[in-house]
Each structure stands twice: as structure tokens, then as C-alpha cells.
Amino acid sequence: MKKFSKILLVCTLFLSLSLLSYSNESKNLSSKEALQKLVEGNERFIKEDYSNQHIDKDYRKGLTKGQNPFAIVVTCSDSRVAPELLFDQGLGDIFIIRTAGEVVDKLELGSIEYAVEHLGVNLVVVLGHENCGAVGAVIKGGDIPKNISYIADEIKPAVDKAKTQEGDLEENAIKNNVDLIVDKIKKNSEIIEEAKDCKVIGGVYSITTGKVEFFNK
Ligand SMILES: [Zn+2]
């Protein structure tokens, strides 16, 4: 019986150590490290040099222990903008919130805060994209159905500002929209403000080149 207890103790120790090594492996990245990882992933995507990391069945099974994403991406629902693909990441890597025109209200803010507070993510990227239909529809104007107009109302200040700027109206409106959403997240989240190293930055994805240009880093 004593021998059995010893074996049980050794087994428990090994199990504890393996769980400890799992949590060490999944140490949270700083905002700087997380951004670097996204930049490098986007470079691989452009070169079509995909890593195929974190998509095999063993990795997937490991994720039953929990998730440890290194970045939050708030982006458009547009089917051409798929964060895991354009940053060459896999399962469990990016916590994603998607709405048309990447607009953010309390529901989306709550999701962002969950990932910051409970998962310890230190980087929030608001990602707009070339040829965004939501921004384009606001520029075009006209009658917009009730529920869609709720989205359009959020985007309108970005379009109004673009009308006073030089250069391409749609390009400027897309960037302004990202800037306004970055500001909105920062101004309305005490959790992000109080987090030690949590940054909110913007970016725009070019469908033409595949590149994500980051700004307000
Ligand atoms: Zn869009």
C-alpha cells in the first residue's frame, strides 16, 4: 500500500510539472512582441511561405486545456479579410471580433475586455481594409435599412472628416474609421487603461498587396 502511495505521489508530481510547463510555454507576449509576431506572419503570407503552425491535430487537442491568444484583432466581417490567414497564424493564436466596418459598441468592447482581463492579451489591433463595402456604402449615401443604418451612423464621422481631407476619399475614410475606433476603445475601457502593457493600434489591410500597414504604434 505504501508503495502504491509513492507511485501515486510521483504521478501527481509529474502531472503538476507537465501542467506547469504548459503554462510556461503559453506565457503572455508583450504588446511589442505580439506586434512583431503579426508583422512577421504577414510577411510570410505575402511571400506565400506559410508556416502551417498550430493547425495540426495534436496542437488542437492541447488547446482543450485552455486558450492563450497573443493578440486581439477587431476587423471587418468582409470575407476577404481573414486574420488567421493574413497573419499566418493558427488555432488559439488570435482573439477575433468582427463586425461590418469593424465598428465597436458595448458588446464588442466587452469581448475585447474579456480577452485583456481574463486571457492577458496585450495588443489590440483595429484592422480596416481596402475596398471596404461598409465605408463605401456610407460614402455613396442614400436610403439605408434600419439595422444597417446603425453601422452607417458609426462610420459617418470618418467619411465626413475624409471629405475635408486631400487625397482619395475612400482611402482616407477607411483610415479615419480605424483611428476613430482606436480612440473609442481607448476612451471607453478602464480595463485597457489599467492594464500594464496593453496597446491599441490601427492598421489597414491591402487586398491588392496582402500587406497590413500598422499605424499609431
Ligand atoms: Zn469592410
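Analyst: Contacts to begin with: two residues are in contact if their C-beta atoms, placed from the backbone, lie within 7 Å. Helices (H or I, at least four residues) and strands (E, at least two) are DSSP runs, numbered from the N terminus. This is a predicted model: local features need pLDDT of at least 70, side-chain atom pairs count only at pLDDT 80 or more, and totals for chains, interfaces and linings use all residues. Residues are numbered from 1 along each chain as its sequence is written.

User: What do the buried residues of H6 pack against?

Analyst: They pack against E1, helix H7 (146-162) and H8. The buried residues in H6 (residues 133-140) are Ala134, Val135 and Val138. They cover an arc of only 100° around the axis, so they sit on the same side of H6. The arc is that of the directions from the helix axis to the C-beta atoms.

User: And buried means what?

Analyst: A residue is buried if 20 or more other C-beta atoms lie within 10 Å of its own, exposed if 12 or fewer, and partly exposed in between, with C-beta atoms placed from the backbone. By that count, 32% of the 217 residues of the protein are buried.

User: What comes just after H6?

Analyst: Gly141, with a positive phi of about 75°.

User: Switching to H5. Which of its residues are buried and which are exposed?

Analyst: Ile112, Ala115 and Val116 are buried. They fall within an arc of 105° seen down the axis of H5, so they line one face of the helix. On the other side, Lys106, Leu107 and Gly110 are exposed.

User: What covers the buried residues?

Analyst: The cover includes strands E1 (71-76), E2 (94-99) and E3 (123-129), along with helices H8 (169-188) and H9 (190-194).

User: How far apart are the end C-alpha atoms of H5?

Analyst: They are 16 Å apart, which agrees with the 16 Å that its twelve residues (106-117) should span at 1.5 Å a residue. The expected span is 1.5 Å times one less than the number of residues.

User: Now the sheet. What is the strand order?

Analyst: The sheet is open, with five strands in the order E2-E1-E3-E4-E5 and mixed pairing. Its edge strands are E2 and E5 (212-215), each pairing on one side only. Two strands pair if DSSP finds at least two bridges between them. E4 (residues 199-205) and E5 pair in the antiparallel sense over four bridges, and Val204 has Glu213 in E5 as its bridge partner.

User: Which helix packs on the sheet, touching E1, E3, E4 and E5?

Analyst: H2 (residues 31-47) does, and its direction makes about 35° with that of E3. H8 lies across E3 and E4, running at about 165° to E4. Axes are lines fitted to C-alpha atoms, for helices over the stretch in contact, and angles run from 0 to 180 degrees between N-to-C directions.

User: How many residues are in the largest nonpolar core?

Analyst: It has 47 residues, and those with the most contacts inside it are Ala71, Ile72, Val74 and Val124. H8 gives the most to this core, with six residues. A nonpolar core is a set of buried Ala, Val, Leu, Ile, Met, Phe, Trp, Tyr and Cys residues joined through C-beta atoms within 7 Å.

User: What does Val124 touch?

Analyst: Not counting residues up to four places away in sequence, Val124 touches Ile72, Val74, Ile112, Ile185, Cys198 and Val200.
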